[in-house]
Amino acid sequence: VIAYGVLILGWPVFVVMALFWFENVVIGGMNVLRMLLRGMRMGGAGVLGALFTGAFFTVHYGLFTAVHGVFVVMLFGLPDMGRDAMDGRLMGPVIRMVERLVDDRAARLAMLAIIAVQAANFVQWAVATRDQPTPLKELMGAPYGRIMVLHVTLIAGGFLVMSLHAPVL
């Protein structure tokens with residue numbers, strides 16, 4: 001979908017990076033659902049543990065993704081998109097980024113494809129772990145490897161785009 005968007009539809013690097021960021025948000029949301037399902041499988045104490053772990057994960061992972069969203073806008077977005085960050089409203093640029101994705105029909109379809117793939121992954125995980133549940137501690141750290149990939153991609157990609165003045169490359 002991404003290759004089609006870039007090669008056929010002429011998506012700028014901003015759309016690609018925004019979709020990469022969006023996928024991390026969806027992965028985080030599905031991870032919270034995994035925690036809650038794991039907790040329900042453990043009973044009452046498991047639900048409480050899952051609620052606590054899920055809340056902590058949501059705040060911690062949410063901060064990472066919010067900051068990365070701002071970086072995507074500031075490094076790759078259009079100049080007017082980052083204006084709210086300069087006014088002290090951190091989430092303004094992120095909201096604008098999501099609005100731009102939703103307004104683009106092909107990007108919207110890519111977002112739906114990302115959600116569908118991650119939902120299918122969730123169902124597959126739920127079936128596979130029915131008899132041997134994944135520990136909450138393991139679920140807590142599962143998506144962070146991908147966050148690090150996004151972090152490095154943002155830094156390296158931002159450096160290349162700014163130094164080469166060649167965002168498509």
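These are my notebook entries on a predicted model of a protein.

**Ground rules**

I count residues from 1 along each chain as its sequence is written, and side-chain values use heavy atoms, with hydrogens and water left out.

**Entry 1: the overall plan**

I looked up the elements and found eight helices and zero strands. Here helices (H or I, at least four residues) and strands (E, at least two) are DSSP runs, numbered from the N terminus. From that end, the order reads α-α-α-α-α-α-α-α.

Next I checked burial, where buried means under 20% relative accessible area, exposed over 50% and partly exposed in between (1.4 Å probe, protein chains only). Of the 169 residues, 40% are buried. The accessible surface is about 9600 Å², and 72% of that belongs to carbon and sulfur atoms. Such areas come from the Shrake-Rupley method with a 1.4 Å probe, and for residues only the protein chains shown count as cover.

I also looked at contacts, meaning heavy atoms within 4.5 Å. Among those between residues at least 6 apart in sequence, 73% join residues at least 24 apart.

**Entry 2: helix α2**

N31 lies in α2 and is buried, at 3% relative accessible area. Leaving out residues up to four places away in sequence, N31 touches F57, L139, M140, A142 and P143.

M42 is also in α2, but counts as partly exposed because its relative accessibility is 44%. M42 and P133 are 91 residues apart in sequence, yet their C-alpha atoms are 9.1 Å apart in space. Just after α2, G43 takes a positive phi of about 100°.

**Entry 3: the nonpolar core**

A nonpolar core is a set of buried Ala, Val, Leu, Ile, Met, Phe, Trp, Tyr and Cys residues joined through side-chain atoms within 4.5 Å. The largest one here has 41 residues, and M17, L19, V72 and M97 have the most contacts inside it. Two or more residues come from each of α2 (13-42), α3 (44-76), α5 (91-103), α6 (105-128), α7 (136-141) and α8 (144-164). Which helix gives the most? I found that α2 does, with 15 residues.

I followed up V72: beyond four places in sequence, its partners include F14, M17, W21, M97 and L154.

**Entry 4: two loop residues**

T134 sits in the loop between α6 and α7. Is T134 buried or exposed? T134 is buried, because its relative accessible area is 11%. The C-alpha atoms of T134 and R38 are 7.2 Å apart, although 96 residues separate them along the chain. R38 is one of the residues that T134 touches, along with W125, T129 and L139.

I8 is in the loop between α1 (2-7) and α2 and counts as exposed, at 56% relative accessibility. Together, Y4, L7, I8 and L9 make a nonpolar surface patch of about 460 Å². Patch residues have over 30% relative accessible area and no salt bridge; like charges are joined within 9 Å, and nonpolar side chains (Val, Leu, Ile, Met, Phe, Trp, Tyr) within 5 Å. A salt bridge is a side-chain nitrogen of Lys or Arg within 4 Å of a carboxyl oxygen of Asp or Glu.

Key. Predicted model: local features only at pLDDT ≥ 70, side-chain atom pairs only at ≥ 80, totals over all residues.
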